[in-house]
Amino acid sequence: MERDGAEPALRFERHRVELTGYCYRMLGSAFEAEDAVQETMVRAWKAYDRFEGRSALRSWLYRIATNVCLDMLGSGQRRARPMDLNSPSAASTPIDSGLPEATWITPALDSRVLPEGGDPAEVAALRDSVRLAFVAALQHLAPRQRVVLILREVLAWRASEVAELLGTTVASVNSALQRARATLAASGVNGGGGAEQASAGELDDEQQKLLDRYVAAFEKYDLDLLTSLLHEDAFLQMPPFSLWLRGHADIRAWFLGTGSECRGSRLVPVVANGSPAFGQYRPSGPGGRHEPWALQVVEISDGRITGLNSFLDTERLFPMFGLPDRLDP
C-alpha cells in the first residue's frame with residue numbers, strides 16, 4: 001500500500017479536481033459532479049481499511065467515482081443543450097416556462113474541473129474535453145461507453161487499465177471504444193472536442209480584440225457592431241428555456257424584442273468550460289443597481305463568435321464562479 005505519512009483524506013484530496021472533471025464529463029452537470037466526488041470520498045474513506053494497494057490509489061478512486069456516476073446515470077436520463085432537443089426558433093417565438101435543471105448541460109468553472117500545470121499539449125486536450133459541445137456529445141453515449149471513451153481518449157489510460165477498472169476484457173473495451181467513436185462522429189464531434197475553438201487562457205491578439213469588441217458592443221447595446229462579430233450561423237441559447245436562435249437576423253431581432261431588457265447590461269469576465277465567459281448583470285435593481293441575469297459562455301472560432309450560451313440559473317452559478325450578487329451603480 002502507498003504510504004507517505006499523509007492522512008487518507010489529504011491523499012484523496014489531491015485527486016479532487018481531476019475526479020471532478022471526470023465526473024463532469026460523465027454527468028454533464030458541475031453540481032452533480034461535485035456531489036459525485038463527495039460521495040466518492042465518503043466511500044473511499046469507509047473502504048480505506050480494505051484497500052490493499054493492489055492498484056494505485058488514483059486508479060482505485062477512479063473505480064469508485066465510476067461506480068458512483070454509473071449509479072447516478074441509472075435512470076437513463078441524459079442532459080442536453082436546447083439545440084440538441086429542438087429546431088431553431090424564430091425571434092418572435094414566446095418564451096416557454098423553462099424545463100427542469102436536470103434537462104440541461106450546465107457550465108463548469110475551469111479551476112474545479114481542470115488540474116493546473118502539466119504539459120501544454122495535455123492541458124489543451126483536457127480543456128477541449130470540457131467544451132460544452134463535447135460534454136453534450138458524450139451524453140449520447142451509453143454510460144459504460146462514456147467511461148471507456150473518457151478514460152481512453154481524454155485521460156489516455158491503457159485499454160488494460162480500463163478493462164481492470166470495469167471488470168471486463170480488453171476486447172470488450174476496444175469494442176466499446178469503437179462504438180463510442182462512431183456515435184461521436186455521427187454527432188459531428190470528435191474525441192478531441194470538435195471544431196477548434198478559442199481557449200480562454202490562450203486567446204491570441206485578434207481573438208482578444210474580438211472579445212473586447214463583443215464586450216463593448218454588448219454593454220453599449222450596439223447591435224450593428226455585435227451582429228458584425230457573429231458568424232453567419234451563430235446561435236444563442238438560454239437554458240432553462242428550450243428556445244434557441246440561429247443566425248444574425250433572429251439574434252438581432254430577439255435582442256431588440258424579448259431580450260431588450262438586456263440593454264444597459266454589464267459583463268464581468270470569468271472562465272467556463274475552457275472558453276471565455278461573463279457574468280451578465282442587468283440594470284434591474286433599486287436605483288439602477290445591476291443584478292445577475294445570466295452566465296454567458298462565448299464560443300469563438302475562425303475569427304468570429306459562433307455561439308452565445310446564456311445560463312440563467314444565476315442563484316447557483318454565480319456563487320460557484322465567485323461572481324458578486326450585485327453591481328452597484
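**Exercise 1.** Are Phe12 and Trp60 buried or exposed?

*Solution.* The model is predicted, so local features need pLDDT of at least 70 and side-chain atom pairs count only at pLDDT 80 or more, while totals for chains, interfaces and linings use all residues. Residues are numbered from 1 along each chain as its sequence is written, and side-chain values use heavy atoms, with hydrogens and water left out.

Step 1. Buried means under 20% relative accessible area, exposed over 50%, and partly exposed in between (1.4 Å probe, protein chains only). Both Phe12 and Trp60 are buried.

Step 2. Rings of Phe, Tyr and Trp (its six-membered ring) pair if their centres lie within 6.5 Å; planes under 30 degrees apart count as stacked, over 60 as edge-to-face and the rest as tilted. By this rule there are twelve aromatic pairs. For Phe12 and Trp60 the ring centres are 6.3 Å apart and the planes stand at 50°, so this pair is tilted.

Step 3. Phe12 belongs to helix H1 (residues 8-13) and Trp60 to helix H4 (residues 57-72), so that the pair links distant parts of the chain, 48 residues apart. Helices (H or I, at least four residues) and strands (E, at least two) are DSSP runs, numbered from the N terminus.

**Exercise 2.** Determine how helix H2 (residues 16-27) is placed against H4.

*Solution.* Step 1. Two packed helices are described by the angle between their axes and the distance between the axes. Axes are lines fitted to C-alpha atoms, for helices over the stretch in contact, and angles run from 0 to 180 degrees between N-to-C directions.

Step 1. The axes of H2 and H4 come within 10 Å, with a crossing angle of roughly 30°. That makes H2 roughly parallel to H4 (angles under 35 degrees count as roughly parallel, over 145 as roughly antiparallel, 65 to 115 as roughly perpendicular and the rest as oblique).

Step 2. The crossing of H2 and H4 is right-handed. A crossing is left-handed if the near helix is turned anticlockwise from the far one by less than a right angle, and right-handed if clockwise.

Step 3. Contact means heavy atoms within 4.5 Å. On the H2 side, the contact residues are Glu18, Leu19, Tyr22, Cys23, Met26 and Leu27; they meet Arg58, Leu61, Tyr62, Ala65, Thr66, Cys69, Leu70 and Met72 in H4. By class, this contact of H2 with H4 has eleven nonpolar, one polar and two charged residues. Ala, Val, Leu, Ile, Met, Phe, Trp, Tyr, Cys and Pro count as nonpolar, Asp, Glu, Lys and Arg as charged, and the others, Gly among them, as polar.

**Exercise 3.** Describe the contacts of helix H10 (residues 159-166) with helix H9 (residues 143-154) and with helix H11 (residues 170-187).

*Solution.* Step 1. The axes of H9 and H10 come within 10 Å and cross at roughly 145°, and this crossing is right-handed. From H9, Arg144, Val147, Val148, Leu151 and Arg152 meet Ala159, Val162, Leu165 and Leu166 of H10. The contact of H9 with H10 comprises seven nonpolar, no polar and two charged residues.

Step 1. For H10 and H11, the axes come within 8 Å and cross at roughly 105°, which means that H10 is roughly perpendicular to H11. Here Ala159, Ser160, Val162 and Ala163 in H10 meet Val170, Val173 and Asn174 in H11.

**Exercise 4.** Which residues other than glycine have phi near 55°, and where does a cis peptide bond occur?

*Solution.* Step 1. Tyr221 has a positive phi, near 55°. Tyr221 lies in the loop between helix H12 (205-220) and helix H13 (223-228) and is buried, with a relative accessible area of 8%. Ring pairs join Tyr221 to a cluster with Tyr214, Phe218, Trp254, Phe255 and Phe278.

Step 1. Asn273 also has phi near 55°. The loop between strand S3 (266-272) and strand S4 (275-282) holds Asn273, which is buried at a relative accessible area of 0%.

Step 2. The cis peptide bond joins Pro239 and Pro240, with omega about 20°. Pro240 is in the loop between strand S1 (230-237) and strand S2 (244-246).
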